[in-house]
Amino acid sequence: MSTIAAQRVKTEVPGPRSQELAARKAEFVSASVNPAFPVYIASAEGTTLTDVDGNEFIDFGSGIGVTTLGHGNAGTTGAAVEQIERFTHTLFGVTPYEGYVEVSRRLTEITPGDFPKKSMLGSTGAEAIENAIKIARAYTRRNGIAVVDHAYHGRTNLTLGLNYKATPYAAGAGPRPGEIYRTSNSYPFHDGLEGAEAARRAIAYLEKTAGTENLACLLIEPIQGEGGVIVPAPGFLSTLQRWCNDNGIVVIADEIQTGLGRTGKMFASEHFDFVPDLVAIAKAIASGIPLSAVTGRAEIMDAMAPGALSGTFSGNPVACAAALSVLDQLETRGTLDRAAEIGERLQAGLLALKSRFPVIGDVRGLGALHGIELVHADGTPNPEAYRALSRLTLERGLILMAGGSDGHVLRMLPAITVTDEVLDEALAILEHALEAYSA
Ligand SMILES: *Cc1c(COP(=O)(O)O)cnc(C)c1O
């Protein structure tokens with residue numbers, strides 16, 4: 001492993017200027033909006049964040065997998081600026097523009113499944129999820145929504161009901177929506193089940209508790225992000241899909257975090273021989289400009305009345321221009337291969353750390369989406385270790401995200417433009433942090 005480069009962090013963290021801003025934040029911003037790392041960012045370039053005190057951090061969060069092509073990406077910035085100069089808004093539902101149609105078309109080409117598809121665009125991930133569910137219900141004329149343990153789908157009123165964790169997302173926010181049925185997922189580190197076995201268990205539970213004929217859709221992340229980078233056992237997703245296909249249940253893949261190259265393929269579903277009917281897309285699609293989409297089977301996408309889908313900012317033209325550049329870059333030869341290569345390098349480094357530090361119970365992930373599950377000696381979740389390690393890495397110049405329903409998974413989502421040098425430096429920082437933690 002390489003050593004840590006020049007001192008990235010020059011002050012205590014947060015530094016004095018960040019502390020001033022945090023005090024102002026406490027006065028003027030809702031306490032329910034709670035930054036994980038209160039280092040206020042002044043600029044960002046590539047895989048580096050620079051805060052208002054001049055400290056640098058290697059960004060292994062990427063705004064939770066949004067800046068997949070790196071901060072300050074020249075292609076997306078150029079495309080967005082050019083569009084801003086032409087026009088910033090008309091509302092596609094009033095007077096349309098080409099960018100929206102082109103993004104819609106391109107998404108139909110790259111999403112899994114060889115059948116006619118259509119898209120609709122929104123602004124946020126939760127909006128995409130809500131619309132996918134509306135569409136699935138209208139198409140099937142059924143109400144039930146099936147979700148799995150450890151799922152995360154957003155923070156709007158409907159999506160609060162879809163999430164596994166009540167706190168902090170839903171606690172105190174009133175009754176959660178009905179007709180949502182939760183079943184078990186595949187979590188090989190804990191359940192030790194083969195994929196098909198885990199799927200049969202999940203299906204049996206849904207058949208009893210929801211009633212197959214009541215289900216409009218199954219909504220599932222191919223790899224759970226927030227839930228702790230949980231990679232299902234092979235055969236889990238495809239077995240669920242077959243059951244849905246046989247029973248008229250629309251399969252919705254939440255690829256908001258896993259999509260668009262992050263796992264080394266355009267969509268994570270492709271790793272699992274999983275062909276959803278609808279795909280929810282957001283996060284990385286426009287390099288940080290809010291944009292989301294639902295893409296899927298044309299006949300399902302057309303189920304609602306004309307005018308049913310849209311919103312003031314849905315499919316904003318600046319975001320569409322940026323998205324077209326993102327798609328161009330992802331479709332450039334070698335980009336996805338590089339994401340896969342990052343995964344191999346990251347996984348090798350993390351497995352080497354696992355062999356030395358028993359606090360690491362499991363290392364898992366694909367491409368530039370990896371997690372390490374932190375455990376106590378008896379294998380139970382160890383959120384204290386996450387808190388200690390994320391603090392130690394922050395002080396050494398590396399931002400790592402939390403994940404896991406117990407906040408006990410270190411989650412890594414570097415840009416797929418990250419260099420080997422920076423990757424190795426991040427691993428070296430993590431190694432130092434683990435040594436300090438274990439000392
Ligand atoms: C982030 C995320 C969402 C919600 O997206 P927002 O843009 O925050 O509304 C939904 N599902 C998954 C898997 C996500 O990672």
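A disulfide is counted here when two cysteine sulfur atoms lie within 2.5 Å of each other. The model is a predicted one, and by this rule it has 0 disulfides. C244 takes part in no disulfide, and the cysteine sulfur nearest to it, that of C217, is 8.9 Å away. That distance of 8.9 Å can be set against the cut-off of 2.5 Å.

Are C244 and C320 buried or exposed? C244 has a relative accessibility of 0% and therefore counts as buried. C320 also has a relative accessible area of 0%, so this residue is buried. The cut-off for buried is under 20% relative accessible area.

The ligand comes next. The residues around the ligand include T124, G125 and A126, as well as Y152, H153 and G154. Also around the ligand are E221, D254, I256, Q257 and K283. Sorted by class, this shell has 3 nonpolar, 5 polar and 3 charged residues.

Which side chains have an N or O atom at 2.6 Å from an atom of the ligand? One is D254, whose side chain places an N or O atom 2.6 Å from a nitrogen atom of the ligand. For the side chain of Q257, an N or O atom is 2.7 Å from an oxygen atom of the ligand. On its own the ligand has 380 Å² of accessible area, and the protein covers 82% of it.

Technical notes. Residues are numbered from 1 along each chain as its sequence is written. This is a predicted model: local features need pLDDT of at least 70, side-chain atom pairs count only at pLDDT 80 or more; totals for chains, interfaces and linings use all residues. Side-chain values use heavy atoms; hydrogens and water are left out. A residue is near a molecule or strand if one of its heavy atoms lies within 4 Å of it. A polar contact is a pair of N or O atoms within 3.5 Å; within protein, one must be able to donate a hydrogen and the other to accept it, and residues adjacent in sequence count only if both atoms are side-chain atoms. Accessible areas come from the Shrake-Rupley method with a 1.4 Å probe; for residues, only the protein chains shown count as cover. Ala, Val, Leu, Ile, Met, Phe, Trp, Tyr, Cys and Pro count as nonpolar, Asp, Glu, Lys and Arg as charged, and the others, Gly among them, as polar. Buried means under 20% relative accessible area, exposed over 50%, partly exposed in between (1.4 Å probe, protein chains only).
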